[in-house]
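Grab a pencil and work through these exercises with the structure open beside you. Try each task yourself before you read its solution.

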Amino acid sequence: MANSGLQLLGFALALLGWFATIVATFLPQWQVSSYATGSIITAQAIYRGLWMDCAWQSTGQIQCKVYDTILGLSPALQATRALMVVSIVLGLIAMGIAVMGMKCTRCGPEDRVQKARIAMTGGIIFLVAGLAALIACSWIANQVVRDFYGTGMAVNSRYEFGPALFLGWAGSLLALLGGGLLSCSCPENARQGYNNRAYPAGKPISGPPSNKEYV
């Protein structure tokens, strides 16, 4: 069974990845306007996020506009929004389950095998949450690459990867790593527990009658 230090490390990494996923979901810098030619000097930068578009001025002023419609968004953006929300919800559920199963906590069952199974379940849910966030970030990144190299868009209208996209990747990897460490909390061999209960100490084992009784 994994020790409490390994469980704490896995929970801390998964929790950090969950927070990074939340921050990345609501940041508008998923796509940043690109100036591939390098000869254009502009005082404005355009940011595109999952929920809004923002325009940053050189004076430091930022103006944002929330998307008015959902059905009018691209399929990649809709799928990314859904997967990131699912990842956040699964991470919240995994935190509650993992806390009950960790060896350093007193909540949940007192049996070590049951607590290890609960911690392992929380780790598996963290793995699913991290995988959902990883798929979401990779999906939107693939769409950005396709739009950037597409021939139907002007050079000054293309976008590149933003900081929020890298933060989402980092959060998903941390959630996967932390969930993997929590999943190492495999329960002890059930046969060992069965053998310890089969023959309690101090109880004689019945056997064939002794020959002295018939002498």
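**Exercise 1: Helix α4**

The buried residues of α4 are A164, L165, G168, G171, S172, A175, G178, G179, L181, L182 and S183. Keep in mind that this is a predicted model.

Task: Find out what covers the buried residues of α4, and compare the reach of α4 with the expected one.

Solution. 
- Step 1: Look around the helix. The cover over the buried residues of α4 includes α1, α2 (75–101), α3 (112–148) and β5 (159–161).
- Step 2: Check the length. With 21 residues, α4 reaches 30 Å from its first C-alpha to its last, which is close to the 30 Å expected at 1.5 Å a residue.
- Step 3: Zoom in on one residue, L181, which is in helix α4. Its relative accessibility is 18%, and the cut-off for buried is under 20%, so L181 counts as buried.
- Step 4: List the partners of L181. Once you leave aside neighbours within four places in sequence, L181 is in contact with L6, L9, G10 and L13.
- Step 5: L181 and L13 sit 168 residues apart in sequence, yet their C-alphas are 9.1 Å apart in space.

**Exercise 2: Aromatic rings**

Task: How many aromatic pairs are there, and how are the rings of F26 and W51 arranged?

Solution. 
- Step 1: Count the pairs whose ring centres lie within 6.5 Å. The count comes to 5 aromatic pairs.
- Step 2: Take F26 and W51. Their ring centres are 6.1 Å apart and their planes meet at 15°, so this pair is stacked; the cut-off for stacked is under 30 degrees.
- Step 3: F26 belongs to helix α1 (residues 4–26), while W51 is in the loop between β2 (44–48) and β3 (52–57), so to speak a link between distant parts of the chain, 25 residues apart.
- Step 4: Ask how open they are. F26 counts as exposed at 52% relative accessibility, whereas W51 counts as partly exposed at 24%.
- Step 5: Now try F166 and W169. Here the centres are 5.8 Å apart and the planes are at 65°, so the pair is edge-to-face; the cut-off for that is over 60 degrees.
- Step 6: An α-helix has 3.6 residues a turn, so residues three or four places apart point the same way.
- Step 7: Finish with the surroundings. F166 is partly exposed, with a relative accessible area of 46%, and F161, F166 and W169 form one aromatic cluster.

**Exercise 3: Two charged side chains**

Task: Where does the charged end of R48 sit, and is K115 buried or exposed?

Solution. 
- Step 1: Start with R48. Its charged end sits over the ring of Y159, 5.0 Å from the ring's centre.
- Step 2: Move to K115, which is found in helix α3. With 8% relative accessibility, K115 counts as buried.
- Step 3: Follow the side chain of K115. It reaches the backbone oxygen of M102 at 3.3 Å.

**Exercise 4: Cysteines**

Task: Which cysteines form a disulfide, and what is its handedness?

Solution. 
- Step 1: Count first. The structure holds 1 disulfide.
- Step 2: Name the partners. C54 and C64 form the disulfide, with their sulfur atoms 2.0 Å apart.
- Step 3: The torsion about the S-S bond of C54 and C64 is about 110°, so the disulfide is right-handed.
- Step 4: See what gets tied together. C54 lies in strand β3 and C64 in strand β4 (residues 62–66), so the pair joins parts that are 10 residues apart in sequence.
- Step 5: Compare the surroundings. C54 is buried, with a relative accessible area of 3%, but C64 is partly exposed, at 43%.
- Step 6: Look at two other cysteines. C137 is buried at 0% relative accessible area, and C184 is partly exposed at 41%.

**Exercise 5: The whole chain**

Task: How many helices and strands are there in the protein chain, and in what order do the elements run?

Solution. 
- Step 1: Count the elements. There are 5 helices and 5 strands.
- Step 2: The elements run α-β-β-β-β-α-α-β-α-α.
- Step 3: Of the chain's 215 residues, 34% count as buried.

Methods. Residues are numbered from 1 along each chain as its sequence is written. This is a predicted model: local features need pLDDT of at least 70, side-chain atom pairs count only at pLDDT 80 or more; totals for chains, interfaces and linings use all residues. Side-chain values use heavy atoms; hydrogens and water are left out. Rings of Phe, Tyr and Trp (its six-membered ring) pair if their centres lie within 6.5 Å; planes under 30 degrees apart count as stacked, over 60 as edge-to-face and the rest as tilted. Helices (H or I, at least four residues) and strands (E, at least two) are DSSP runs, numbered from the N terminus. Buried means under 20% relative accessible area, exposed over 50%, partly exposed in between (1.4 Å probe, protein chains only). A charge sits over a ring if NZ of Lys or CZ of Arg is within 6 Å of the ring centre and within 35 degrees of the ring normal. The expected span of a helix is 1.5 Å times one less than its number of residues. Contact means heavy atoms within 4.5 Å. A polar contact is a pair of N or O atoms within 3.5 Å; within protein, one must be able to donate a hydrogen and the other to accept it, and residues adjacent in sequence count only if both atoms are side-chain atoms. A disulfide is a pair of cysteine sulfur atoms within 2.5 Å.
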